[in-house]
Amino acid sequence: MKIQGQMFMWLSVFVLAMAVVYGVWSKEPAGTTALFLAFGLCIMIGFYLGFTAKRVDVGAQDNKEADVADDAGEVGFFSPHSWQPLSLAVGGALAFLSIAIGWWLMYFSLPIILIGVWGWVFEYYRGENRTQ
């Protein structure tokens, strides 16, 4: 994680330099603002990764002598039977489609998105999976 934090910090330096050069040469406010916002995002991610790397154990990616197999193991718990991502995908697709077709379609997509988020958050609070 330490290496990734340093990579984002160096990327933020590059993006800042490009934002200044772009802003001076083009005098175009939208692109300059977007580049400065990208600089801020790179700083936030780099700071978070560096801050977290100090508090967790050293991973295999921080060891120069490590093999690929040293980083193997359990990544986390993922629900293998959840239908909620499908609901969110359909709602998101309808929401983005509403930009092209008409904003009235957003009235139909928002309840589908809210049902998907509600179901995903409370998936393991009821039913057969509540003990997991």
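Biologist: What's the radius of gyration of the protein, and what would a compact globule have?
Modeller: The protein has 22 Å, whereas a compact globule of 132 residues would have a radius of gyration near 14 Å. That radius is taken over C-alpha atoms, and the globule rule is 2.2 Å times the number of residues to the power 0.38. Bear in mind that this is a predicted model, where local features need pLDDT of at least 70, side-chain atom pairs count only at pLDDT 80 or more, and totals for chains, interfaces and linings use all residues. Residues are numbered from 1 along each chain as its sequence is written, and side-chain values use heavy atoms, with hydrogens and water left out.

Biologist: OK, and what box do the C-alpha atoms fill?
Modeller: Roughly 50 × 45 × 25 Å, taken along the principal axes.

Biologist: How many helices and strands are there?
Modeller: Four helices and zero strands. Those are DSSP runs, with helices being H or I of at least four residues and strands E of at least two, numbered from the N terminus.

Biologist: Which residues does UniProt list as "transmembrane region"?
Modeller: The unreviewed entry lists 7-25, 31-51 and 88-121. Its positions use the numbering here, feature names are shortened, and annotations may be inferred rather than shown by experiment.

Biologist: How far apart are the end C-alpha atoms of residues 31-51?
Modeller: They lie 30 Å apart, and that span is 100% helix. For residues 88-121, the end C-alpha atoms lie 12 Å apart, with the span 88% helix and 0% strand.

Biologist: Switching topic, what share of the residues is buried?
Modeller: Buried residues make up 20% of the 132, where buried means under 20% relative accessible area with a 1.4 Å probe, protein chains only.

Note on methods:
Buried means under 20% relative accessible area, exposed over 50%, partly exposed in between (1.4 Å probe, protein chains only).
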